[in-house]
Amino acid sequence: SDLNKGEWKGAYDSFFQEPGMNHYHLFANISKQINDKTIIDLGTYRGFSSLAFSYNSSNKILTFDVEVDYAGRHHTIFQDQKIKEKENIEYFYYDIFHEDMRDDIKEKILNSDIIFMDAGDHKNRFRELFLIKLLKENKYQGLVIWDDIELNNDMKFVWNTLKDEKIYTSDKGHWSGTGFWIPYNDKIILK
């Protein structure tokens, strides 16, 4: 596999942290269990989540981030060329969190099988509530994986707002909280 620890050692040690510390093992295992699915990564940052989801090359990862984040920092998606060159990852500099979202982007999101939500600073709930509204209004049929559900009171509020089927997975995910949310369970893709 191209996720060999020796090849990614050093700056990427956090990628190999145990489940419960980081969620990358969980994402790679999910990727191994499914084939020919589209996975959306909202909040690319260093690209580790996209890298983990790309473990199964039959799955397509579409990852979105902004060029300048909420704190005014410039983002460079996939600073490591090895991640950038993964053939099953397509990246976009595009802020999806606004009402005039491009139709082609909206279609990609709503037709995806999995959405991983880790965008923004998780402090004002705007992005999270925007995503919930978009998915509920359009009867999204996939799985949403939430990061940082225990990070602060805003994220705890968001997690507790979700009244549909949800699964707490922090023991296998990220230290700051990981959860699965299924807005409509007509099309469960994970067994």
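How do E6 and E7 pair, and over how many bridges? They run antiparallel to each other, with four bridges between them. This is a predicted model, so local features need pLDDT of at least 70, side-chain atom pairs count only at pLDDT 80 or more, and totals for chains, interfaces and linings use all residues. Residues are numbered from 1 along each chain as its sequence is written, and side-chain values use heavy atoms, leaving out hydrogens and water.

**The overall layout**
- The protein chain has six helices and seven strands (DSSP runs numbered from the N terminus: helices are H or I with at least four residues, strands are E with at least two).
- Read from the N terminus, the order is α-β-α-β-α-β-α-β-α-β-α-β-β.
- Of the 191 residues in the protein chain, 51% are buried (under 20% relative accessible area, with exposed being over 50% and partly exposed in between, using a 1.4 Å probe on protein chains only).

**The sheet**
- Seven strands line up as E3-E2-E1-E4-E5-E7-E6 in an open sheet with mixed pairing (two strands pair if DSSP finds at least two bridges between them).
- Strand E3 (89-93) and strand E6 (165-168) sit at the edges with a single partner strand each, so one side of each has no neighbour in the sheet.

**Helix H5**
- H5 covers residues 126-137, which is twelve residues, and spans 16 Å from first C-alpha to last, close to the 16 Å expected at 1.5 Å a residue (the expected span is 1.5 Å times one less than the number of residues).
- Its buried residues are Arg 127, Glu 128, Phe 130, Leu 131, Ile 132, Leu 134 and Leu 135.
- Those buried residues pack against strands E1 (38-42), E4 (114-117), E5 (143-147) and E7 (178-182), plus helices H4 (103-110) and H6 (153-161) (contact means heavy atoms within 4.5 Å).
- Just past the end of H5, Lys 139 has a positive phi of about 50 degrees.

**The second largest pocket**
- H5 gives this pocket the largest share of its lining, four residues (a pocket is an open set of points on a 1 Å grid over the protein atoms alone, with protein on both sides within 12 Å along at least five of seven lines, and lining residues have an atom within 4 Å of a point).
- H4 and H5 each bring at least two lining residues.
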